[in-house]
Structure formats: structure tokens, C-alpha cells
Amino acid sequence: MDKSMEIIDLLCENSRLTEKQIATITGLSEEEVKNTIKSLEDKKVLLKYTTLVDWEKTDREVITALIDVRVAPQQGHGFNRVAHRICQYEEVKSVSLISGTYDLSVEVEGKTMKEIALFVAERLAPIEGVLSTTTHFVLKRYKKDGVFYEEGQNDKRLVVTP
Amino acid sequence: MNTDKYISNVVKSIPPSGIRKFFDLVTNSKDIISLGVGEPDFVTPWEIRKEGIDALDRGSTTYTSNLGLPELRIAISYFLKTHYNLAYDPEKEIMVTIGASEAIDLALRALLNDGDEVLVPEPSYVSYAPCVTLTRGIPVFVPTDEKNNFILTPDDLKSKITSKTKALILPYPNNPTGAIMKKEELEEIVNIIIEHDLIVISDEIYSELTYEGRHVSIASLPGMKERTILINGFSKAFAMTGWRLGYIAAEHGFIEAMNKIHQYTTICAPITAQYAAIKGIYQCEEDIVKMRETYDKRRKFIVNGFREIGFDCFEPKGAFYIFPSIKKTGMTSQEFCEKLLKEEKVAVVPGDAFGPSGEGFIRVSYAYSIDKIARALERIKHFAERIL
């Protein structure tokens, strides 16, 4: 396998792996790992190293909503201009162009449902070119980025076996 | 009631498994990170699970032929041919069992008369010697040595053969050491085996998990197919431990003898698992490769981790265990493991549970995510800083 892909896969799994650890696993030298990562960062292949948090287990209220947005495409710009406009808001975590009934899928985070509802009503819906919005609140997460949220998915094996 | 006086002498004579003892200790502890498991952390590939569900859905809930579903035996024959270049007749030379465990028991029961000796290289899987004893045979341990990469050398083998030796158990790729035996190394013992007219019970359950070159079965060497009882199964390669499905490939006469026992004691392996396994053979090659690649990454990671902490660690080429030496700590394996569990809450298995030569070693499984291994290594490092 291409070594840079192998490094990407490892970082996707655990972005806290050190260069040294990655070197051990891939059989590359630390220097090579360092240079490969640097070059991937420079080329904006690797954009950010993130953490997956189960907010339910913290004191902070984090509400997420997925918003389907219908957009009137603009001459010469298609959906890009509206998409970029929506990206500007800090509450907006992700914006993607999607196929199907709707045009953009927007993920918004807030402290309360009301906060998100107001954001949609006051900021998102009025944007020129936005035809309609449909807000779906995330009620419960089962799996994200390949990780199961429920305890039941933990290691079910006995602790010690032959 | 004093049940003790009713229990047979042979059962009483078997020591309880060292692993079992440690298991009880571990179960009473909280927040531990376990590197003590002898089974894959992967769930059975979806195609296989789905076929299991479909089989139930179709109402396949009956017994099968004693030898196993004909389609499954054909699939196994195909697998052995394509993976290890072994030619077995699915009608006469293959039988399906309840895991490789039953297969080991059947092979011994079919072969042994009272007092026959069976050579058991050790350290090795915990069940060989007790199964020999239960069959009224005599297990004869053949110690293997780290300086020989834990393989069975011709000299080791010769030194333990007597006029009563009937069979040799060949446990490679090896649990707990991770040792494999390469073709040249197998060739060196073949003459001795033939000269002394031994039967080889070759437990190849980890055959799909070798990391530098493919597994070679001793049955593929000239003159060996007829005197090898080859045991394999679906637990490790296909991550199917809980389905309990194994198989034996051997000369028709051996299969017939083993099937005689099997038909009276178990009838057949579960039909659901048998249907699922057929799917596994034909459709899950990619899953096997992916799992192997993942184990390989972890293998390099954990070996290096232990060496950096300061332990001498033999480089395993198969299975999913490392077998580092803890001799420099001055502790016994048991002491080391108990202390590590108590003080750092990491569970590994004492090496002596796998035979006397395992004393001074610990078995550490890497059937865990890199993340978990990394966390365990941190704790082990803490521990080592205090004791080394």
C-alpha cells in the first residue's frame, strides 16, 4: 500500500499517534514519517486533528441539527455562493452539496433547540437564494466516525481466554 | 455431598488450567485493560453473519451428515488447495468438528492406546496435555527455547522419542509464542518423524495469521500427508470463535475412526455455523487479508513498545501474541502478572500456563486496537520503571 495512505489511515484511527509510533507500525523512518505528514499538511490533505466527544457525558449542552436546504442556483455560481455564505457562521459545523431532493446539507451546533431554531429562522432562511429549510434535530447518536456510542458495543470477549 | 469420591481418577489428576486461575483473579478487578484474550477482536465478517441469519430464516435447523455438509467439505477442500496446496478428497478425507478443540480430542482418542506417549512441544496451547491424559495416553513435553525461536528442533524431538511414542502434536503458528515453523525447519524433522513411524497432529488454527511469508503445512511435504492429521478451523482466520467450527483433513482411515467417535459424542457441528462458513471461504478472502494486515501493524507496534520499555521480546511471526521475557525482573511469571494486574490494572497471561518452559515469560495478546495497546503500554511502562 502507498505509505502516505497508510499514514493517513493510522491518523484517521488515532490522530495522537506519535511520529515514532507511526514509524514503527509502517516500517518507515521517523524522518520519513515526519516529512510525509508535513507534505500532506502543506498540500491540505490533512486539514485538522480532531477529537470525538460524547457530549452527553459532559456538563455542556450540545445540540446538533442537520438542516436540509433548498437553494436556487445562481447564474455562473451554481450553489457555491450560497454555500460559502452559510459557511461563514460559526454555528455551522459542516456544509455539503448533496444529491436528491435538497441541495445543501448543513450541520449546526448550538446550546439549545431554540437557539438553533432561531439561527435557522433569522440567519439561514433569509439568505438570498435559500428557498426552504428543513431542520432535523439529532436526538441520539449511535455511531460516529466509525465509533459506537453505546456501551453494548464494547469488547464483549471474556477478559482472559486460552 | 462429597462428590469428590465419585470423580474419576483421571479427571482428578488433571491440573486446573493456569489461565482459569488467572481468569478468576481478573474477573474480580475493575477498570482493567486486558491484553489477555486468545480470540480476535473483530466481529465475524458481515457476509458470514448474514448467511447464518439466512440459514435460520430458511429453516435450516436440522442435523447434518456426521462429517459435515458436503458443500462445506468441498469448500474446505478448495480452501486447503488454494491456500496451502494440499489435496484432500472432500468426501473421504475431510470432516467438520465443533471447533479445533474437538478435533484435537478426536485425533488423540482415535490414535491412543493406554500408555502411548504423545510429544507436546511447549510452551503451547493449554489443552493438548490434558486431552492426552484424558485418553489415558502420556503427554511428554518437548521444551522449546527462545534462542531457537521456539521451534521444534530435530535434536529436541529426537531426545524425547521412546518406543512408546505414537504421535507428535505440532502447534504452529504457536499460541502463546507466536513462533512459526518455516518449510526448511519442517523438512529437518520430517525424516525423524517417518523413521520413528510417528503420526503428526498438526494444529494449524493460526495458519492464516502469518506475517512474513505464507504458512506451510507439514502435510504438504513429501511422505507426510498420509501421516498427518491436519487440524484447522474458522475461529481465528474468519473471526468466528463463538460459532465453534473446525475441521480435520487426514487419510480416510483416520477420518473414519474419528468420525466413529464424533457420531456418538456430538453427532455433527451446528448447521448454522456450517452454512455461514461456506460463505466465509468463498466470499471473505478480502476480510481475512484486511484483518491480517491490521494484526501485523499491531504486532510491530507492540513488539517495539515492549522492547523500548526494556523487555527482551522474541519477534513473533504468526498468531496474535507476543511472548516477552520478564526474567530480568527476578519475578516468576505468576508474580509478575499478579503484580501488574494489581498495581497497573493490566491483564496479561503468565507464560507458565502454557508449559514449564513458559516460566519467565508472559503472553500478551495484540488482538486489540492500537489505541488500547498504546494505553496498556503506558501502564506497563510505569510498572517497569518501578521494578526494572
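How are helix 11 of chain B and helix 13 of chain B oriented to each other, roughly parallel or roughly perpendicular? I shall begin with the basis of the model and then return to that point.

This is a predicted model, in which local features need pLDDT of at least 70 and side-chain atom pairs count only at pLDDT 80 or more, while totals for chains, interfaces and linings use all residues. Residues are numbered from 1 along each chain as its sequence is written, chains are lettered from A and ligands numbered from 1 in the order in which they are written, and side-chain values use heavy atoms, with hydrogens and water left out.

Let me turn to the helix pair. Two packed helices are described by the angle between their axes and the distance between the axes. Here the axes of helix 11 (residues 285-309) and helix 13 (residues 370-387) of chain B come within 10 Å and cross at roughly 10°. Axes are lines fitted to C-alpha atoms, for helices over the stretch in contact, and angles run from 0 to 180 degrees between N-to-C directions. Helix 11 and helix 13 of chain B are therefore roughly parallel, the term for angles under 35 degrees. Helices (H or I, at least four residues) and strands (E, at least two) are DSSP runs, numbered from the N terminus.

In this contact (heavy atoms within 4.5 Å), helix 11 of chain B contributes residues including Phe301(B), Ile302(B) and Phe306(B), and helix 13 of chain B contributes residues including Ile373(B), Leu377(B) and Ile380(B). By class, the residues of this contact are 10 nonpolar, 1 polar and 3 charged. Ala, Val, Leu, Ile, Met, Phe, Trp, Tyr, Cys and Pro count as nonpolar, Asp, Glu, Lys and Arg as charged, and the others, Gly among them, as polar.

Next, the interface. In the model, 15 residues of chain A are in contact with 31 residues of chain B. The two chains bury about 1900 Å² between them, 63% of it on carbon and sulfur atoms; buried area is the accessible area (1.4 Å probe) that two parts lose on being put together, summed over both. On the chain A side, Arg157(A), Val160(A) and Pro162(A) lose the most area to chain B, together 38% of what that side buries.

The rule finds 2 salt bridges across this interface, a salt bridge being a side-chain nitrogen of Lys or Arg within 4 Å of a carboxyl oxygen of Asp or Glu. Lys372(B) forms a salt bridge with Asp155(A), with the closest N and O atoms 3.9 Å apart. Helix 1 (3-13) and helix 2 (19-26) of chain A each supply at least two residues of the side that touches chain B, and helix 2 of chain A gives the largest share, 4 residues.

Over all chains the count comes to 29 salt bridges. Lys50(B) and Asp54(B) also meet in one, at 3.2 Å, N to O; both lie in helix 3 (residues 46-57) of chain B, 4 residues apart, about one turn of the helix.

Finally, the backbone. The peptide bond from Tyr172(B) to Pro173(B) is cis, with omega near -10°. Pro173(B) lies in the loop between strand 5 (165-170) and helix 8 (183-195) of chain B.

Definitions and conventions. Parallel < 35°, antiparallel > 145°, perpendicular 65-115°, else oblique.
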